[in-house]
Amino acid sequence: MKVVRYNLAHYLDTHGITRYQLARQTGIQYHVIDDYYKNRVTRLDTGNLGRILDVLDCRLEDILTVEEIEDTEK
């Protein structure tokens with residue numbers, strides 16, 4: 001089974017950008033950015049994601065990955 005994971009924490013940390021800075025620049029509330037940072041977002045919000053990509057001037061692949069995980073329900 002494949003799952004989407006956010007790599008926003010790694011991207012921000014390696015580029016010296018804080019969650020607070022990203023929240024201010026995107027206009028997205030800090031707690032929402034924090035959920036992306038901690039990979040706790042369960043529903044993709046294309047509006048928020050687009051604003052994050054725009055402000056960071058990065059590609060989707062820079063902050064999202066698709067991983068294969070073992071399906072335990074077989």
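A residue is called buried when its relative accessible area is under 20%, exposed when it is over 50%, and partly exposed in between (1.4 Å probe, protein chains only). The model is predicted, so local features need pLDDT of at least 70 and side-chain atom pairs count only at pLDDT 80 or more, while totals for chains, interfaces and linings use all residues. Residues are numbered from 1 along each chain as its sequence is written, and side-chain values use heavy atoms, with hydrogens and water left out.

**Exercise 1. The chain as a whole**

Task: Describe the secondary structure, the extent and the burial of the protein chain.

Solution. 
Step 1. Helices (H or I, at least four residues) and strands (E, at least two) are DSSP runs, numbered from the N terminus. The protein chain has five helices and two strands, and their order along the sequence is β-α-α-α-α-α-β.
Step 2. The C-alpha trace spans about 45 × 20 × 15 Å along its principal axes.
Step 3. Of the 74 residues in the protein chain, 31% are buried.
Step 4. A contact means heavy atoms within 4.5 Å. Among contacts between residues at least 6 apart in sequence, 63% join residues at least 24 apart.

**Exercise 2. A salt bridge between strands**

Task: State which parts of the protein chain are tied together by the pair glutamate 67 and arginine 5.

Solution. 
Step 1. Side chains of opposite charge can pair when their charged atoms come close. A salt bridge is a side-chain nitrogen of Lys or Arg within 4 Å of a carboxyl oxygen of Asp or Glu. By this rule the count is seven.
Step 2. Glutamate 67 and arginine 5 form one of these salt bridges, at 3.1 Å from N to O. Glutamate 67 belongs to strand β2 (residues 64–68) and arginine 5 to strand β1 (residues 2–6), so the pair ties together parts that are 62 residues apart in sequence.
Step 3. Both partners are partly exposed: the relative accessible area is 33% for glutamate 67 and 29% for arginine 5.

**Exercise 3. A network of salt bridges**

Task: Is aspartate 34 buried or exposed, and with which residues does aspartate 34 form a salt bridge?

Solution. 
Step 1. Aspartate 34 counts as buried because its relative accessibility is 9%.
Step 2. Its partners include arginine 19, with the closest N and O atoms 2.5 Å apart. Arginine 19 lies in helix α2 and aspartate 34 in helix α3 (residues 30–37), so this pair ties together parts that are 15 residues apart in sequence.
Step 3. Arginine 40 also forms a salt bridge with aspartate 34, and here the closest N and O atoms are 3.2 Å apart.
Step 4. Arginine 19 is partly exposed at 22%, and arginine 40 is partly exposed at 46%.
Step 5. A network of salt bridges links Arg19, Asp34, Asp35, Lys38 and Arg40.

**Exercise 4. Tyrosine 37 and threonine 72**

Task: Which of the words buried and exposed applies to tyrosine 37, and which to threonine 72?

Solution. 
Step 1. Tyrosine 37 is found in helix α3 and is buried, since its relative accessible area is 18%.
Step 2. Leaving aside neighbours within four places in sequence, tyrosine 37 is in contact with Leu8, Ala9, Leu12, Asp13 and Arg19.
Step 3. Threonine 72 is in the segment after β2 and counts as exposed because its relative accessibility is 69%.
Step 4. From C-alpha to C-alpha, threonine 72 and glutamine 29 are 35 Å apart in space, and they are 43 residues apart in sequence.
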